[in-house]
Amino acid sequence: MAQNLSVIVLAAGLSSRMGVENKLLLSFQSKTILETTISNILEANIGEVIVVVGHEAERLKAVLKSRFPDIKIVENPYFEKGMTTSIQTGIRAAKNTEGYAICLTDMVLIQPYEYRLLAQQFLDFYKQDEKVIIQPIFKEKRGNPVIFSHFYKKSILETIDTEGCRSVVQAYKKHVKLVEMPTNHVLQDVDFKEDYERMLSMQ
């Protein structure tokens with residue numbers, strides 16, 4: 001399995017579309033959304049885990065340090081400038097690695113076996129193409145997490161996109177491998193209260 005991946009978990013956002021509550025601290029499966037997602041990623045055992053915090057960093061760090069003492073936590077002081085700054089913060093904190101799996105903390109339904117499936121696909125394609133980008137799809141819709149090979153470190157650190165690395169994916173689309181997933185979990189995030197209520201009904 002891809003032990004040499006760096007899994008960058010983005011937990012720095014304002015979650016403003018949820019209202020005043022920090023969505024990552026909402027309850028899910030007897031834990032918080034934050035804890036559930038991190039637990040699933042750790043169980044997948046695909047590499048080092050780096051959690052990038054920003055908004056309400058001290059609250060999140062308190063939860064993370066008590067539950068997950070072995071993960072790396074880094075703080076992004078520029079989180080209000082967009083998601084890309086958090087991706088860049090995580091990549092700077094990563095060890096030498098073959099790839100970066102960019103994970104969203106609110107995609108709470110993704111199961112450990114699904115993370116492992118994507119990591120294994122990355123390893124398989126990486127042997128043939130050191131510029132590979134892995135992106136999950138379900139019924140032709142693209143989802144997350146996306147895994148970039150280490151080749152893209154410089155491009156990602158230099159991108160001026162504010163909300164992710166779409167321009168990098170577009171510039172190297174011939175290296176993108178779409179991986180068909182067994183469920184729609186890779187499409188399901190929690191942006192609004194209706195999303196959260198739907199997630200709760202799926203527990």
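Helix H1 is largely enclosed by the rest of the structure in this predicted model, since ten of its twelve residues are buried. The buried residues of H1 are Ile33, Leu34, Glu35, Thr36, Thr37, Ile38, Ser39, Asn40, Ile41 and Ala44. The end C-alpha atoms of H1 are 17 Å apart, which agrees with the 16 Å that its twelve residues should span at 1.5 Å a residue.

One of the elements against which H1 packs is helix H4, whose buried residues contact H1 as well as strands S1 (5–11), S6 (99–104), S7 (133–138), S9 (146–149) and S10 (176–180). The axes of H1 (residues 33–44) and H4 (residues 112–126) come within 8 Å and cross at roughly 50 degrees, and the two helices are therefore oblique to each other. The crossing in which H1 passes H4 is right-handed. On the H1 side this contact is made by Thr37, Asn40, Ile41, Glu43 and Ala44, and on the H4 side by Pro112, Tyr115 and Arg116; these residues divide into four nonpolar, two polar and two charged.

H4 itself has 15 residues and reaches 21 Å from its first C-alpha to its last, close to the 21 Å expected at 1.5 Å a residue. Its buried residues are Pro112, Glu114, Tyr115, Leu118, Ala119, Phe122, Leu123 and Tyr126.

Just after H1, asparagine 45 takes a positive phi of about 55 degrees, although asparagine 45 is not a glycine, and its place is in the loop between H1 and strand S4 (47–53). Glutamate 140, in the loop between S7 and S8, likewise has a positive phi, near 75 degrees, in a residue other than glycine. Histidine 175 is found in the loop between helix H6 (166–171) and S10. The relative accessible areas of these residues are set out below.

| Residue | Relative accessible area | Class |
|---|---|---|
| Asparagine 45 | 43% | partly exposed |
| Glutamate 140 | 74% | exposed |
| Histidine 175 | 12% | buried |

Histidine 175 counts as buried because its relative accessible area of 12% is under the 20% that sets the limit for a buried residue. Leaving aside its neighbours within four places in sequence, histidine 175 is in contact with Asp129, Lys131, Val132, Ile133 and Tyr152.

The peptide bond from asparagine 144 to proline 145 is cis, with omega near 10 degrees.

Technical notes:
Residues numbered from 1 in each chain as written. Predicted model: local features only at pLDDT ≥ 70, side-chain atom pairs only at ≥ 80, totals over all residues. Heavy atoms only, no water. Axes fitted to C-alpha atoms, helices over the stretch in contact; angles between N-to-C directions. Helix = DSSP H or I, 4+ residues; strand = E, 2+ residues; numbered from the N terminus. Parallel < 35°, antiparallel > 145°, perpendicular 65-115°, else oblique. Left-handed = near helix turned anticlockwise from the far one by under 90°. Contact = heavy atoms within 4.5 Å. Nonpolar A, V, L, I, M, F, W, Y, C, P; charged D, E, K, R; others polar. Expected span 1.5 Å × (residues − 1). Buried < 20%, exposed > 50% of the residue type's maximum accessible area, 1.4 Å probe, protein only.
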